[in-house]
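Dear colleague,

Please find below the structure that I am handing over to you. My notes on what was found in it follow directly after.

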Amino acid sequence: MFFKAKTLGGGRINTAFNEPGVYFVAAPNAETAEKQIRTYGRTLGQTEIGHNFGYISSNSALVPYLNVKANLFIQGREHDLDILPRFMLDDPLFLGQNSRALTPVGRLYVEFYRNVLGGKRYIVIADLLHAMTRATVNKLLTDFGETAQHLGISVLLFTSDDTLIRDHPGRAFAAAPELLETDQAG
């Protein structure tokens with residue numbers, strides 16, 4: 001399901017993000033990424049479609065005393081668990097575990113799929129991959145990429161990993177792009 005750039009009172013979403021999938025933004029460090037994400041949030045908070053954006057920062061947004069399943073449904077209007085990766089569904093203990101027990105990778109998966117279940121069309125993720133193994137990063141990008149393609153979602157992933165930028169030249173940005181394009185026609 002593809003979607004077109006939506007007009008938003010004087011502007012529209014940058015057409016660079018019209019194609020669903022994962023995009024990479026070079027960030028020299030986590031602080032720079034977090035600052036840019038806050039800038040995006042302030043900009044989008046002034047638009048009509050800010051609710052279409054989900055954010056995953058270095059600080060957990062999970063409610064620690066709730067289990068994983070309850071955290072997934074906090075923003076959810078849809079409760080179609082079939083969109084979750086198999087490992088989340090096949091492990092009967094995963095959805096029932098307390099969110100405090102999640103690893104950083106588990107937390108990232110839960111926050112990502114909470115945004116997906118919440119109907120977000122664009123998901124911005126802070127530089128959280130730098131401490132993960134290459135195999136973990138590849139699995140995560142595969143799962144996120146497949147979900148994004150299937151549901152028509154654009155994921156903007158900040159990263160200090162030059163390899164990711166180099167390996168995805170058609171979907172990589174050397175600096176954080178503007179999220180909104182101004183309407184030149186008036």
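Predicted model: local features only at pLDDT ≥ 70, side-chain atom pairs only at ≥ 80, totals over all residues.

**The chain as a whole**

The protein chain contains six helices and seven strands. In sequence order, these elements follow the pattern β-β-α-β-α-α-α-β-α-β-α-β-β. The chain has 186 residues, of which 46% are buried. Its exposed surface comes to about 9500 Å², with carbon and sulfur atoms supplying 53% of that area. Among contacts with a separation of 6 or more, 80% are between residues 24 or more positions apart.

**The sheet**

Five strands make up an open sheet, in the order β3-β4-β5-β2-β6, and their pairing is parallel. At the edges lie β3 (residues 53-56) and β6 (residues 172-173), each of which pairs on one side only.

Strand β2 pairs with β5 through six bridges, and two bridges connect β2 to β6. In both cases the two strands run parallel. Phe24 illustrates both pairings: Phe24 stands opposite Leu157 in β5 and opposite Ala172 in β6. Strand β2 is also mostly covered, since five of its six residues are buried.

**Helix α5 and its surroundings**

Helix α5 spans residues 134-151, a run of 18 residues. The distance from its first C-alpha to its last is 26 Å, close to the 26 Å expected at 1.5 Å a residue. Just after this helix, Gly152 adopts a positive phi of about 75°.

The buried residues of α5 are Val137, Leu140, Leu141, Asp143, Phe144, Gly145, Thr147, Ala148 and Leu151. In general, an α-helix has 3.6 residues a turn, so residues three or four places apart point the same way. The cover over the buried residues of α5 includes the strands β2 (21-26), β4 (122-125) and β5 (154-159). Helices α3 (86-90), α4 and α6 (162-167) also contribute to that cover.

**The nonpolar core**

The largest nonpolar core has 54 residues. Those with the most contacts inside this core are Leu108, Phe112, Tyr113, Ile125, Leu129 and Phe144. Helix α4 (residues 104-117) provides the largest share of the core, namely seven residues.

Leaving aside neighbours within four places in sequence, Phe144 is in contact with Val22, Leu108, Tyr109, Phe112, Tyr113 and Ile125.

Finally, I would draw your attention to Asn71, which sits in helix α2 (residues 68-72). Is Asn71 buried or exposed? Asn71 counts as buried because its relative accessibility is 0%, and the cut-off for a buried residue is under 20%. The side chain of Asn71 makes a polar contact of 2.6 Å with the side chain of Ser99. Not counting residues up to four places away in sequence, Asn71 touches Leu62, Val63, Leu66, Ser99, Val110 and Arg114.

With kind regards

Conventions:
Residues numbered from 1 in each chain as written. Heavy atoms only, no water. Helix = DSSP H or I, 4+ residues; strand = E, 2+ residues; numbered from the N terminus. Buried < 20%, exposed > 50% of the residue type's maximum accessible area, 1.4 Å probe, protein only. Polar contact = N/O pair within 3.5 Å; in protein donor to acceptor, adjacent residues only side chain to side chain. Contact = heavy atoms within 4.5 Å. Core = buried A, V, L, I, M, F, W, Y, C linked by side-chain atoms within 4.5 Å. Areas by Shrake-Rupley, 256 points an atom, 1.4 Å probe, with all protein chains shown as cover. Expected span 1.5 Å × (residues − 1). Pairing = 2+ DSSP bridges.
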